[in-house]
Amino acid sequence: MTEHNPDGPAPESDPWAAANQGQPENREQSSSWTPADPRHPGAPERHPADPNPWSSASPPENPEPRPAEPNLWAPANPPENPEPRPADPNPWSSASPRGNPDPRLAEPVLFGTAFASGQGQPGTTSGYTLPPIPPRNVPPAPEKGRRGLVAGLVVLALIVGGGAGAAGGYLVADNRAAPSGPVTNALDQPRPASNTTAPAATGTVEGAAAKVLPSVVELQVRSRTAAGEGSGFVISSDGLIVTNNHVIAEAVDGGQIVAVFQDGKTASASVVGRDPNSDVAVVKAQGVSGLPVVDLGRSDDLRVGQGVVAIGSPFELTGTVTSGIVSALHRPTRAGGDQGDQTTVMDAIQTDAAINPGNSGGPLVDLQGRVIGINSAIYSPRSANSDAGSVGIGFAIPIDQARRTADEIAKTGKATQTVLGVQVTDNTPAGSGAKIQSVNPDGPAAKAGLQQGDVVTQLDGRRIDTSDALVAAVRAHNPGDTVKLVLGSRTVDVTLTGQTVG
């Protein structure tokens, strides 16, 4: 499974160019729906021996000449020597005419902007192209020589249809003149009373959205070389905002951040601190006060199937609300950070609430409107031209982990990461545990007696099947916690420590 961060750079390329890729440039080639008209080059010739399928009798051996039947498909008064004209351009083709391409068909349509760092997270927008419009299924026009008879049949059909319509009209008129019962019309009903003043019910998506939306912000980020946007939520009335590190990373060295609040007001913001490994950052909006703040929940008692709501600014659509459930818990996910390697593994909440580029940093809340996670990553299968959007597999940083990190950053500007003091890799066969490659001689694992080659299969009763699972399980604890590791036939207690990052 690939978790990706669609924070790629905002290309300044022609947005419609992708629509023309792979299309044939030769317009001489006829479209599959081009009418079979002799006026069009490439029209199929009718063989003189082709029988007339509309005729019920065999033609005489020596037919007398007869005046030509009028061609109802041809224009009136055609020129005596019409010059062949090139095939009409196919308006449904994705290829532009050679020489003067339609400027609208030369650039990929972008739904937002993007940063290049961290592949796979919905922090900012990547480019999406419009698919080519499929050709219409237009039937070919009748060939010359058959058109008069075909037109005659059409006229006959119209006459029959008209007669049937007239008869139907009389029947309808008769029915309306003598209704069988009272007639009820919805358009005559009065409009219902407005319910805009009714409070949203607690424990519903509507109630959660009404409670949290005023505290959600859009963060517009600009660096020297790129621009992008993400989301965040207010944790203090004087302007502290929690978001993802990958949302604001490009603004660290001389960039700019603008916070856009739900009422449309804006404020400049600065970075207080960030942790690339946990993908958590805190920024401070300048010159604000009295901001509504979120309620923080807890993530250690979440249940699979529990209803949740995601709020943010996907594709720069500020204040977008989506809903779903908790799909899974303790999902080891490599997302965020500077490299997306094992140091950035998080113990993620998986949800099917739609999370798209621009949602990163926004809150994932329960139906009581309490923040239980920070939307951070999505799984998105790659197509031929770009990454797809939400497919119902999103990941959020649990609020219990993010809360400790944000609190440390707000107070000291730095964060502390929980560590075991080992380097690990997947054991073989696959899914059989995390194998210790090396042990830090001064770390907690060494003090507990762990050695190179040991295989960890459980941590506090939680199954460890991969190296990422062990990292995620350790990150879910605080420095100073004592955990129980199962290594084959023996069990070891280890007191975890912390190291400063950021």
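Arg-463 is exposed, with a relative accessible area of 57%. Exposed means over 50% relative accessible area, buried means under 20%, and partly exposed lies in between (1.4 Å probe, protein chains only). This is a predicted model: local features need pLDDT of at least 70, side-chain atom pairs count only at pLDDT 80 or more, and totals for chains, interfaces and linings use all residues. Residues are numbered from 1 along each chain as its sequence is written, and side-chain values use heavy atoms, with hydrogens and water left out.

Arg-463 belongs to E20, where Gln-458 stands opposite it. Strand E19 (residues 458-459) is joined to E20 by 2 bridges, and the two run antiparallel. Both strands sit in an open sheet of 4 strands. Its order is E20-E19-E21-E22, with antiparallel pairing. Strand E20 (462-463) and strand E22 (490-495) are at the edges; each has a single partner strand, so one side of each has no neighbour in the sheet. Strands here are DSSP runs (E, at least two residues) and helices are runs of H or I (at least four residues), numbered from the N terminus. Two strands pair if DSSP finds at least two bridges between them.

## Salt bridges

The structure holds 10 salt bridges. The criterion is a side-chain nitrogen of Lys or Arg within 4 Å of a carboxyl oxygen of Asp or Glu. One of them links Arg-463 to Asp-465, with the closest N and O atoms 3.3 Å apart. Asp-465 is partly exposed, at a relative accessible area of 24%.

Another joins the side chains of Asp-493 and Lys-484 (2.9 Å, N to O). Asp-493 is partly exposed, with a relative accessible area of 47%. Lys-484 also counts as partly exposed, at 41% relative accessibility.

## Helix H5

Helix H5 covers residues 399-412. How far apart should its ends be? At 1.5 Å a residue, its 14 residues should span 20 Å. The expected span is 1.5 Å times one less than the number of residues. The end C-alpha atoms are 19 Å apart, which agrees. Gly-413 follows H5, and its phi is positive, near 85°.

The buried residues of H5 are Ile-399, Gln-401, Ala-402, Arg-404, Thr-405, Ala-406 and Ile-409. Arg-404 counts as buried at 16% relative accessibility. Arg-404 also forms a salt bridge with Glu-408, the closest N and O atoms being 3.8 Å apart. The two are 4 residues apart in H5, so about one helical turn separates them. An α-helix has 3.6 residues a turn, so residues three or four places apart point the same way.

A barrel is closed by 6 strands in the order E2-E3-E4-E7-E6-E5, with antiparallel pairing. Neighbouring strands of this sheet are turned by 40° against each other on average, direction ignored. Strand E3 (residues 227-234) pairs with strand E4 (residues 240-243) in the antiparallel sense over 2 bridges. Val-242 in E4 is the bridge partner of Phe-233.

H5 lies across E4, strand E6 (266-275) and strand E7 (280-285). H5 runs at about 45° to E7. Axes are lines fitted to C-alpha atoms, for helices over the stretch in contact, and angles run from 0 to 180 degrees between N-to-C directions.

## The loop at Gly-305

Gly-305 lies in the loop between strand E8 (295-296) and strand E9 (307-312). Gly-305 is partly exposed, with a relative accessible area of 41%. Leaving aside neighbours within four places in sequence, Gly-305 is in contact with Ile-325 and Val-326. Contact means heavy atoms within 4.5 Å. Gly-305 and Val-326 are 21 residues apart along the chain, yet 5.1 Å separates their C-alpha atoms.
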